[in-house]
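This report describes a model made of protein chains.

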Amino acid sequence: MPEIANGLDAAPPFAVAGPFYAAFACYVAALAASLVRPRISLWLLGIGVVVHFGATLGRGWAIGFFPLTNKMESFSAAALAVAAVTAISWRDVRLYIAPLLALVCVAMLTALSFPLDLGFPPPLMRTIWYPLHVPLSFFAYGTWAAAAAASLVWFRDRDPAWLTLIDRLALNGFGLWSFSMICGGFWGVVAWGAYFMWDVKIIWSVILWFHYASFIHVHLTPSLFPRPWVRPALAIVGFVWVLVAYVGTSFLFGRSSHAF
Amino acid sequence: MHSDRNGSRADASRTAWLFSQGLGVICGQATVLLLAIGSVVLTATRDGASASIAMDDMRAFFAPVSAVHLWFYLLVGVLTLYALNTTLATYRNVVKKWRAGIRAPRFYAPAVIHLAFLVGLLAHGVGGVGGAELERLALGPSWKQLGDGREARVTGLEVDPNPDGSMKQLRARVETRDAGGSSAETVVFYNGPLSRGLGSELMLLVRPHSVPTLRLARGEDGCDVEVAGVCELGDVRAELLYLHPPLQPGQNAFAQLRVQNTGAGDAESFSLTPGRSKQLSDGSLLSAEGFGQRPAILLRHRRAPGNPLALLSSILLGLGLLMLWRRFSPRANTV
């Protein structure tokens, strides 16, 4: 039972550790099943997503706000977003779903390695732009992770249908990311007076936007028509950039206006 | 005539690269690379060559010009070329579609997104060159100049606590008035700055504060005034220039005041200690009744001329993406 912060003694049981560990167990089981029976894996993933979403709602109810106030909740929300995107874009192909489920498990394990204490958000987080900005960005991360996983399958099978999926996932991620940046920009203006700052996290957010903006122009470039491998390659590189933007800027660069 | 046509074709082929998708992809990836290098350089030189780079400022990259910031100078060149490529390609594409009789708005969605990109670049340029961090302002119960032609004062302050006692939100009721005398009341809070010109002038809440004040009385009128603040006592406007605490125990504190009768007469400046009165030129008595502390807020004054353009860019980007909604639908043939 985790320690509950002062003032949150009435937190519902669903807000604390148990359901998060249950969701993690579902994700691990889904990953294991994906290697033998992908169909069963989808069911396990679906149960995990529902439990995880309920636990997240419970934390939100306990603090009266969107539960994204620390690193635990950030990694948990990222895992939930990737899990949801995996379920939505499900394909019964091991090479596509196993890396995505592994990513969900790693994100969830990272979340559970941090204290699960509940805490109230600081006043600067109390704006509508914050709970719009962060989930949109996590869904974009999930969508681009799926594009990278689909690229692995394309490199193995060379099936044009996977190229179509990669294009669509990259474009959807770009749309989600653009709206996330718009919301983040509005938040930046009302909180700090600027929609952009020379801060590593924000610079890498811009990098992601430019990377996927140029990605979606590749299939319009005649000189690249005979090189279909460019888009899958860019999707994989883009996912590396996602990891740098999300994890690297907080843990490697060290100095960022974004705590997580 | 024939050779002219061949000549213009040759000219067109010489400039075709400027319109090409390939140039756009190259510029996009070059931007990614340069920004990635920049993120490493900025982090590594945060205490050195990049120490003066704050917020969205671009001037600091040139003061002084440094080899460390070569990535930024190259980025300016790449983005200029990117903007030129986007402008030319978008213009040609829109003209082509229009001449072909295409009128459905969704076909112009990419052009709207490209326009958002161009306006966004312009916003960065204008904000990066014209933005400024101005002096912080402690705003209390007496009128203070905001620096944009307006005066403001705090008329109420409320702290909304969380159940654990931490601050949930701070709300300050602020009254503003402009030179013309028209006043307005607004609430300033975290994520709710005092804003003007679509965010180009912002007074952002930093934290709650308190200010030492002097209690003044003139006849039946009374007010609390803080340093650099003004209060009105009937037809007299009193400005507290300076407030000095006692230098040694047992000594009196004193205040330096400038008083102006709004009806007529020159401004008078004088010092006054608590418990004493001063006879003004109109014969009335102005008394300093004592010192106090009044709740106030500390505000950050930021000039951000790029914000209105960024707002326009956001609206265009959002609009363009919504116009593209069909392309996001999951009905495309995939695996």
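## The interface between the chains

Between chain B and chain A the count of salt bridges is zero (a salt bridge is a side-chain nitrogen of Lys or Arg within 4 Å of a carboxyl oxygen of Asp or Glu). Polar contacts are present: 17 residue pairs, with both residues at pLDDT 80 or more, are in polar contact between chain B and chain A. A polar contact is a pair of N or O atoms within 3.5 Å; within protein, one must be able to donate a hydrogen and the other to accept it, and residues adjacent in sequence count only if both atoms are side-chain atoms. On the side of chain B that touches chain A, the elements giving two or more residues include α2 (21–44), α3 (70–99), α4 (109–130) and β15 (285–303) of chain B. Here helices (H or I, at least four residues) and strands (E, at least two) are DSSP runs, numbered from the N terminus. The largest share of this side, 13 residues, is from α2(B). Sorted by class, the side of chain B that touches chain A holds 32 nonpolar, 20 polar and nine charged residues. Ala, Val, Leu, Ile, Met, Phe, Trp, Tyr, Cys and Pro count as nonpolar, Asp, Glu, Lys and Arg as charged, and the others, Gly among them, as polar.

Chain B brings 61 residues to the contact and chain A brings 51 residues, where contact means heavy atoms within 4.5 Å. About 4900 Å² is buried between chain B and chain A, and carbon and sulfur atoms give 68% of that area. Buried area is the accessible area (1.4 Å probe) that two parts lose on being put together, summed over both.

## How the model is read

This is a predicted model, in which local features need pLDDT of at least 70 and side-chain atom pairs count only at pLDDT 80 or more, while totals for chains, interfaces and linings use all residues. Residues are numbered from 1 along each chain as its sequence is written, chains are lettered from A and ligands numbered from 1 in the order in which they are written, and side-chain values use heavy atoms, with hydrogens and water left out.

## A histidine at the contact

His217(A) belongs to helix α7 of chain A. Leaving aside residues up to four places away in sequence, His217(A) touches Gln21(B), Val25(B) and His114(B). The side chains of His217(A) and His114(B) are joined by a polar contact of 3.4 Å.

## Backbone features

Most residues other than glycine have a negative phi, and most peptide bonds are trans. In chain B, the peptide bond between Ala63(B) and Pro64(B) is cis, with omega about 0°. Pro64(B) sits in the loop between α2 and α3 of chain B. Asn191(B), a residue other than glycine, has a positive phi near 70°, and its place is the loop between β6 (183–189) and β7 (194–196) of chain B.

## Salt bridges

Over all chains, the count is 23 salt bridges. In one of them, the side chains of Arg302(B) and Asp56(B) meet at 2.8 Å, N to O. Arg302(B) is in strand β15 of chain B and Asp56(B) in the loop between α2 and α3 of chain B, so the pair ties together parts 246 residues apart in sequence.
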